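The following paragraphs lead through selected local features of one model, from a loop to a ligand shell and then to a sheet.

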Amino acid sequence: MTPEPTLPLTGLYIHIPFCRAKCPYCDFYSLTNLSAINDYIRALITELNLRRCVAHCADTIYLGGGTPSVLAPQQIGRILDCVYRNFSIAADAEVTLEVNPGTVSRGNLKDYQSIGINRLNIGLQSICDNTLLFLGRIHSARQGVDTYNWSREVGFENVGLDLMYAIPGRNRSHWEAELTDVIRMEPEHLSCYSLTIEAGTPIADRVDKGEIHPLDEKTAGDLFSLTNACLNSNNYDQYEISNFARRTAVVGIDRRSRHNRKYWKLAPYLGFGPAAHSYQQNERWWNHRSLDRYLSDLTMQKMPVADREILNRDQQIIEFIYLGLRQTDGIDTKAFALRFGTGLYDMFGPVLESLSNEKLVESYPGRIRLTERGMRFHESVIGRVLC
Ligand code: SF4
């Protein structure tokens, strides 16, 4: 469907809640029983049909999970066809597929490209077999590197890699060497996440039993600083706490994730699939997390929405600050004043001044942002602003 050029922009997120195996650190909603995939695609197509909307123009489509690449290209193609039938999609839309090594072949990647995927995000996590074993990933380092190389061979020009650091048993020089090797691969985008122990996961149980000792805050913070320094001196710009885009001299090319920036900028997006969230004009709503409930609602042609909330002014301020400070360009103080009818410093002057004295935040014309040190302790710094 060709969009009107003046339509307001939105992003579309499509959740694929299936994985080959559950990684022991993961608390995302995903299932390892793949036998429901066909039923799921039918339900998803019903949801897309029910929510048909041509009042916005989608300039991003993001297929995330879970592991979207457990779906064959022809299955992803059916979903995309339905998206294009029901929504106005920008001609230059960023169309991302999350891919996990061990679930794709070179041929699949070529087919994903031929159905319109123009950006891949590969869940590499590590190129060290011991780390992958510790993380319970289904793939080897070789498979990860092969997946990346195949993506280039078939012609993808925009590829992001996910990496994890602060892994128990791995030291600073291990991480530095690994990061250096990944930089040599020259992906357009890198997301580097410190391993977080999520309550209720198998890895949290092992921590409770004393079998695993997570890195202390200082060591993890040092690795965060090392990551930033290493990437910044190797042609990558940090634009969010965990996200880095490769610099390019070509005008008009921006390797930051257009889709993920919508979340951080509080821009509108629509989410489809179990547990998917949507946001538009200060209203947020989310689908049932259970696949069974999602399937049964859609069998009855009923929207699978679990709940919705309208954010009040205080909640909007909290989100604006929380998300603004996660980004390296920080908070636009003029935009804050325009949106909330009062200045940021009028509301938070004393705490911002004290954080500035501690060199945790810094101001520059029209903006305020976290310093590198502030980013290292971002949860507690943002908590101090918002408490
Ligand atoms: S592949 Fe990703 S979504 Fe699936 S269990 Fe592992 S970390 Fe979670």
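Glycine 66 sits in the loop between strand S2 (53–65) and helix H2 (73–86); helices (H or I, at least four residues) and strands (E, at least two) are DSSP runs, numbered from the N terminus. The peptide bond leading from glycine 65 to glycine 66 is cis, with omega near 20°. This is a predicted model, in which local features need pLDDT of at least 70, side-chain atom pairs count only at pLDDT 80 or more, and totals for chains, interfaces and linings use all residues. Residues are numbered from 1 along each chain as its sequence is written.

Gly65 and Gly66 are also among the residues around the ligand, which include Cys19, Lys22, Cys23, Cys26 and Phe28 (C-beta atom, placed from the backbone, within 6 Å of the molecule).

A further loop, between strand S5 (159–165) and helix H6 (172–185), holds alanine 166. Although not a glycine, alanine 166 has a positive phi of about 60°.

With 11 other C-beta atoms within 10 Å, lysine 359 is exposed.

Strand S14 belongs to an open sheet of three strands, ordered S13-S15-S14 with antiparallel pairing (strands pair if DSSP finds at least two bridges between them). Its edge strands, S13 (331–332) and S14 (361–364), each pair on one side only. Isoleucine 331 has isoleucine 368 in S15 as its bridge partner.

Definitions and conventions:
Buried ≥ 20, exposed ≤ 12 C-beta atoms within 10 Å, placed from the backbone.
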